[in-house]
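Open the model in your viewer and keep the selection tool at hand. The tour moves from one selection to the next.

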Amino acid sequence: MIDFKIIEEIKPNEEILDAIKDYKYKIIKGKVKTLLHTNLQFIEPTQYIISYPTTLTILEYKVNE
């Protein structure tokens, strides 16, 4: 079985939150995960799900520098 360990949670972007402040929205925080017993890392992007007045999903991810 594949086991992951969460090494970091990605915070929501303040610029995006300012842009969508007039809408109803839900945020699903992104995560940086590592596959146990390897050096592989995976990124789950932060999702901004706007439910009113329309449905729009903005994905954001962190790039290692």
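Which residues does lysine 33 touch, not counting residues up to four places away in sequence? Select Phe4, Lys5, Ile6, Leu40, Gln41, Phe42 and Glu44; contact means heavy atoms within 4.5 Å. This is a predicted model: local features need pLDDT of at least 70, side-chain atom pairs count only at pLDDT 80 or more, and totals for chains, interfaces and linings use all residues. Residues are numbered from 1 along each chain as its sequence is written, and side-chain values use heavy atoms, with hydrogens and water left out.

Stay on lysine 33. It sits in strand S3, residues 30-35 (strands are DSSP runs of E, at least two residues, and helices are runs of H or I, at least four, numbered from the N terminus).

Step to threonine 34, also in strand S3. Threonine 34 counts as buried because its relative accessibility is 15% (buried is under 20% relative accessible area, exposed over 50%, partly exposed in between; 1.4 Å probe, protein chains only). Beyond four places in sequence, threonine 34 touches Asp3, Phe4, Lys5, Ile7, Leu40 and Gln41.

Now select Ile16, Leu17, Ile20, Tyr48 and Ile50. These 5 residues form the largest nonpolar core (buried Ala, Val, Leu, Ile, Met, Phe, Trp, Tyr and Cys residues joined through side-chain atoms within 4.5 Å). Helix H1 (14-19) and strand S5 (46-52) each supply at least two of its residues. Isoleucine 16 is in contact with Tyr48, Ile58 and Glu60, its neighbours within four places in sequence aside.

Last stop: isoleucine 2, in the segment before strand S1 (4-10). Isoleucine 2 counts as exposed because its relative accessibility is 58%.
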